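This report describes a protein structure for a reader who has not seen it before. Please look over the sequence and the model before reading on.

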Amino acid sequence: MVDLIIIGAGPAGITAAIYAARKKMEVIVISEDVGGQAAVSGDIENYTGYQFITGPELAAKFEEHMRKFDIISKENEKAVSLKKTGDIVKVSTSKGAYEARAVIIASGKRSKELNVPGENEFKNKGLTYCATCDAPLFLSKEVAIIGGGNSALDAALQLMRIARHVYIININPELGGDAIMRHKVLESSIVDVFNNARTTAVLGDKMVNAIRIKQDEAERVLPVEGVFVEIGLKPNSEFTEGIEKNDFNEIKVNNRNETNISGIFAAGDVTDVPEKQIVIAAGEGSKAALSAFGYLLRR
C-alpha cells in the first residue's frame with residue numbers, strides 16, 4: 001500500500017512523480033517505457049528553457065530528474081485494469097498488482113495504424129511508426145511518410161537529412177502542423193507531397209519495396225524501401241473501465257485533473273485537455289500531483 005500510483009512515465013507521469021516525491025508521498029510509477037512520446041520526438045524547439053534539444057535528450061533529462069527521488073519504478077509493465085473499492089485503488093498490470101490511496105493516469109497515447117493490406121506483414125521489415133528510432137536505417141534510400149500533421153512533418157525533417165528522397169502521403173487537401181515546420185519541409189528539393197491521397201497497400205517481398213496510393217481516384221505505385229506511419233495517436237485508456245471518456249476515448253478531467261471517480265486523477269495526452277504538447281503534459285502532471293496530494297491531505 002502506497003500513497004500514490006502513477007501510470008505512465010512520459011512528461012506528465014514523470015513530472016507528477018517529481019512533485020509527489022517532493023511532497024513526501026510514497027509513489028510507485030508503472031510504465032511500459034520511460035519518456036513517452038517525448039522520447040520518440042525529433043528536434044524540439046518549443047520547450048521552455050531549451051532553445052533546441054532532441055526528444056531523446058529531453059526524455060533523458062526527465063528521467064535523470066526523477067531518479068534523484070525515492071520513487072519506486074516498475075518498468076516494462078503494462079496496466080491492464082484499475083478498480084476502486086472503498087478508499088483503495090487497485091491497479092493490475094501484466095506482471096502483478098498494486099494498491100494505493102490515489103492514482104494518476106498518465107498513460108499517454110500510441111501510434112494509430114493504417115489498417116491496409118501489407119501493414120502487419122511488413123512491420124519492422126521496412127515499415128515503422130518511429131522516425132526518431134529508425135530513420136538512420138534508411139540512409140540514402142527512398143522512403144514514404146504517411147500523414148500530414150506535426151508527427152509527419154517531424155519525421156520528414158529527420159529523414160530529409162538521411163534519405164535520398166521523401167514522399168509524403170497526406171489524406172487532406174494540404175499539410176497541417178506548425179507553419180515553421182511546414183515551410184522547412186516544403187522548401188526541400190528531395191520532398192514530394194501527395195495531397196488528397198491515401199495509402200491503399202504496402203507492398204514487398206521479404207522487405208518493403210513499394211506502396212500503392214490513390215489520389216483523386218487515380219492509383220499509382222511508389223517504389224520505396226521505407227514506410228513511416230505518422231497518422232496520429234490514440235489514447236492508452238482501454239484499462240480505465242468506469243472512467244468517463246469522450247468520443248475519442250480520452251479521459252475527461254476537470255481543471256484539477258479529477259476524473260469522475262474520486263481519488264483517480266489523469267494528466268497528459270491520455271486526457272481531453274486540448275493541444276498535445278510536451279510542455280502542456282508536464283504542467284498537467286504537476287497539477288495532478290498537487291490535486292492528489294490535496295485529496296489525500298483532506299482524507
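## Basis of the model

This is a predicted model, in which local features need pLDDT of at least 70 and side-chain atom pairs count only at pLDDT 80 or more, while totals for chains, interfaces and linings use all residues. Residues are numbered from 1 along each chain as its sequence is written, and side-chain values use heavy atoms, with hydrogens and water left out.

## Helix 1 and its two partners

Helix 1 (residues 11–22) and helix 7 (residues 278–298) have axes that come within 7 Å and cross at roughly 35°. Helices are DSSP runs (H or I, at least four residues) numbered from the N terminus. Axes are lines fitted to C-alpha atoms over the stretch in contact, with angles from 0 to 180 degrees between N-to-C directions. On the helix 1 side the contact (heavy atoms within 4.5 Å) involves Pro-11, Ala-12, Thr-15, Ala-16, Tyr-19 and Ala-20, and on the helix 7 side residues including Ala-281, Gly-285 and Ala-289. This contact of helix 1 with helix 7 has 10 nonpolar, three polar and no charged residues. Here Ala, Val, Leu, Ile, Met, Phe, Trp, Tyr, Cys and Pro count as nonpolar, Asp, Glu, Lys and Arg as charged, and the others, Gly among them, as polar.

With helix 3 (residues 55–67), the axis of helix 1 comes within 9 Å and crosses at roughly 25°. Helix 1 and helix 3 are therefore roughly parallel (angles under 35 degrees). Pro-11, Ile-14, Ala-17 and Ile-18 of helix 1 meet Phe-62, Glu-63, His-65 and Met-66 of helix 3. The residues of this contact are six nonpolar, one polar and one charged.

## Helix 5 and helix 6

Helix 5 (residues 150–159) packs against helix 6 (residues 179–186) at about 45°, with the axes 10 Å apart. Asn-150, Leu-153, Asp-154, Ala-156 and Leu-157 of helix 5 touch Met-181, Arg-182, Lys-184 and Val-185 of helix 6. By class, five are nonpolar, one is polar and three are charged.

## A pocket

The second largest pocket has a volume of about 190 Å³, the space filled by probe spheres set on grid points joined across faces, edges and corners. A pocket is an open set of points on a 1 Å grid over the protein atoms alone, where a 1.4 Å probe fits, with protein on both sides within 12 Å along at least five of seven lines; lining residues have an atom within 4 Å of a point. Among the residues lining the second largest pocket are Val-2, Arg-22, Lys-24 and Phe-69. Its lining has seven nonpolar, no polar and four charged residues.

Terms used: Helix = DSSP H or I, 4+ residues; strand = E, 2+ residues; numbered from the N terminus. Parallel < 35°, antiparallel > 145°, perpendicular 65-115°, else oblique.
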